[in-house]
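Please examine the sequence and the coordinates before reading the solutions.

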Amino acid sequence: MINLKEHFKLTAVYTIFAAFPAMLQLIVYPIIEGDNRLGPEDFGYLAITEVIISLVFTIVLFGTGNGLARLYYDKRENMLAFNRLVSNVLTGILARGFFLFGLSVLFTPLLGGIFSHTELQNFGEYGPHAFISGLNRAIIFMAVVLYRHQKKLLPFVIVSLFSGLFRSGFQVAGVLFYDMSFRGYVYGTAIGGGLVALCIVFYLYHQKGFHFNKQVNRSLYAFSTPLFFSELIFWGLLFGDRFFLLANPGSLGIYDNAMKFAVGVQFIIQGLSAGVQPEIFRFFKQGVKQTGENIKKLASLFMAESLLIVGLAILPVMAFIHLFYQTQLQLSAGIVAIIFIRFILRAQYLIFSWPVMYSKKTIYFFVINILILAVNLTINAFLTPKIGYYGAIIAFTFAAILQVSLFYFIQQKIMPISWNLKKLLFFPLGIVLLAALLETAKWIFDIHSWLTALMLVFSILLGLTLVYKNEIVKYFGKKKL
């Protein structure tokens with residue numbers, strides 16, 4: 001049986017603190033934005049540095065975050081084997097991070113020459129700091145994954161809390177007191193995240209010891225390597241559109257500002273996932289035949305929570321942008337709704353990928369996602385130069401729907417589960433389709449973005465009430481008793 005009280009407690013903690021650093025970031029942006037501060041073009045350059053940081057994070061992590069999450073269940077009964085696993089993951093992250101940092105310093109002129117904008121060509125002024133930020137993020141992420149699966153809430157909260165506070169505080173200081181440009185932001189990110197990452201490194205090595213075991217690495221990287229390539233492809237899916245928009249840094253800044261808030265929603269959904277995935281994996285370990293009903297209930301609950309988060313976030317974020325931004329970045333409020341909807345598809349992808357990951361069939365992540373990346377980039381190449389960020393939105397949405405569909409069919413072949421498709425597939429996809437129709441109508445008939453957003457939010461909340469009517473009645477009926 002699923003303990004709903006325990007589930008809501010864990011997901012609340014994981015969601016709040018996993019999203020805490022992202023929420024602080026959203027406070028940082030209005031502080032550093034303004035007529036005499038950073039404008040749309042600067043935010044466009046910030047978008048590119050975030051692309052670099054995320055790429056370094058992906059390479060440095062090399063899929064070992066998910067590797068640690070899965071192999072934890074194989075090693076947790078043997079303390080020595082578990083300590084070796086954790087230490088090996090950390091050692092690999094550090095080795096790859098320092099290697100990439102060295103390359104960034106050595107090839108600074110070559111890397112700067114990739115860009116056509118003068119601000120970005122001076123790679124030596126910001127690039128190495130971006131590489132250090134990627135390494136810091138990988139170390140912090142690894143610690144968060146470890147404590148999440150161990151259900152060690154206090155260390156999880158401490159790492160999440162201080163990583164958010166230090167990074168955001170130094171970002172503001174870097175822009176306002178050191179360099180009034182995107183470079184000051186990057187310097188602050190590197191320093192703030194670095195302080196937390198150093199503490200994690202010293203603590204984990206002190207607790208687990210220093211290990212670099214070839215046998216542990218063989219099992220770890222056999223699992224994580226296909227995931228790495230899949231995550232590299234996902235990086236392309238998430239950030240490839242920035243390069244198509246870079247010709248107009250102002251437009252890129254508007255689009256990326258909306259995406260920054262969307263990433264906040266993504267972190268909240270990941271927090272929800274953090275509360276669900278360990279339980280799902282435990283049910284898988286006990287056997288789908290014995291725990292099938294619990295698996296379906298937990299997945300449906302996660303989907304409902306994700307839809308609710310997306311629905312409740314749209315209007316407050318639009319209001320926040322209108323109230324606290326001064327420059328043309330206010331225009332990003334108009335595309336918040338259609339961008340937030342993409343993370344409904346992300347929640348579906350997570351659900352259908354869990355059985356594939358647990359079964360260690362990670363090759364499917366590579367095969368399917370490289371196809372999805374090709375589709376995404378092709379659509380971007382045709383549409384984004386013509387219709388701007390709407391081309392990027394269409395590309396990601398179409399590719400994500402295809403991704404969800406393919407993972408559903410693959411998952412059913414690997415580990416058949418009789419999901420409630422109305423809750424997990426049809427209703428969420430119906431909301432995505434409605435959002436696309438409303439955005440199209442807004443574009444053609446010049447409807448105000450607040451009206452279409454209100455209609456979408458109302459549809460999500462009404463739909464959740466109807467689709468989950470039995471669960472709502474049962475839950476609140478028990479509360480009254």
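The model is predicted: local features need pLDDT of at least 70 and side-chain atom pairs count only at pLDDT 80 or more, while totals for chains, interfaces and linings use all residues. Residues are numbered from 1 along each chain as its sequence is written, and side-chain values use heavy atoms, with hydrogens and water left out.

**Exercise 1.** Determine which residues are linked with Arg183 in a network of salt bridges.

Solution. Step one is the criterion: a salt bridge is a side-chain nitrogen of Lys or Arg within 4 Å of a carboxyl oxygen of Asp or Glu. In one of them, the closest N and O atoms of Glu125 and Arg183 are 3.4 Å apart. This pair links distant parts of the chain, with Glu125 in the loop between helix 6 (118-121) and helix 7 (127-150) and Arg183 in helix 9 (residues 182-208), 58 residues apart. Helices are DSSP runs (H or I, at least four residues), numbered from the N terminus. Next, Arg183 also bridges to Asp179 at 3.2 Å, N to O. The network comprises Glu119, Glu125, Asp179 and Arg183.

**Exercise 2.** Classify Glu125 and Arg183 as buried, partly exposed or exposed.

Solution. First, recall the classes: buried means under 20% relative accessible area, exposed over 50%, and partly exposed in between (1.4 Å probe, protein chains only). Glu125 has 36% relative accessibility and is therefore partly exposed. Arg183 has 13%, so this residue is buried.

**Exercise 3.** Describe how the axes of helix 2 and helix 4 are arranged.

Solution. Axes are lines fitted to C-alpha atoms, for helices over the stretch in contact, and angles run from 0 to 180 degrees between N-to-C directions. The axes of helix 2 (residues 40-61) and helix 4 (residues 79-106) come within 8 Å and cross at roughly 135 degrees. Helix 2 is therefore oblique to helix 4; angles under 35 degrees count as roughly parallel, over 145 as roughly antiparallel, 65 to 115 as roughly perpendicular and the rest as oblique.

**Exercise 4.** Locate Lys296 and its salt-bridge partner Glu293, and state whether Lys296 is buried or exposed.

Solution. The closest N and O atoms of Lys296 and Glu293 are 2.8 Å apart. Both residues lie in helix 12 (residues 288-324), three residues apart, which is about one turn of the helix. Finally, the relative accessible area of Lys296 is 17%, so Lys296 is buried.

Technical notes:
Helices (H or I, at least four residues) and strands (E, at least two) are DSSP runs, numbered from the N terminus.
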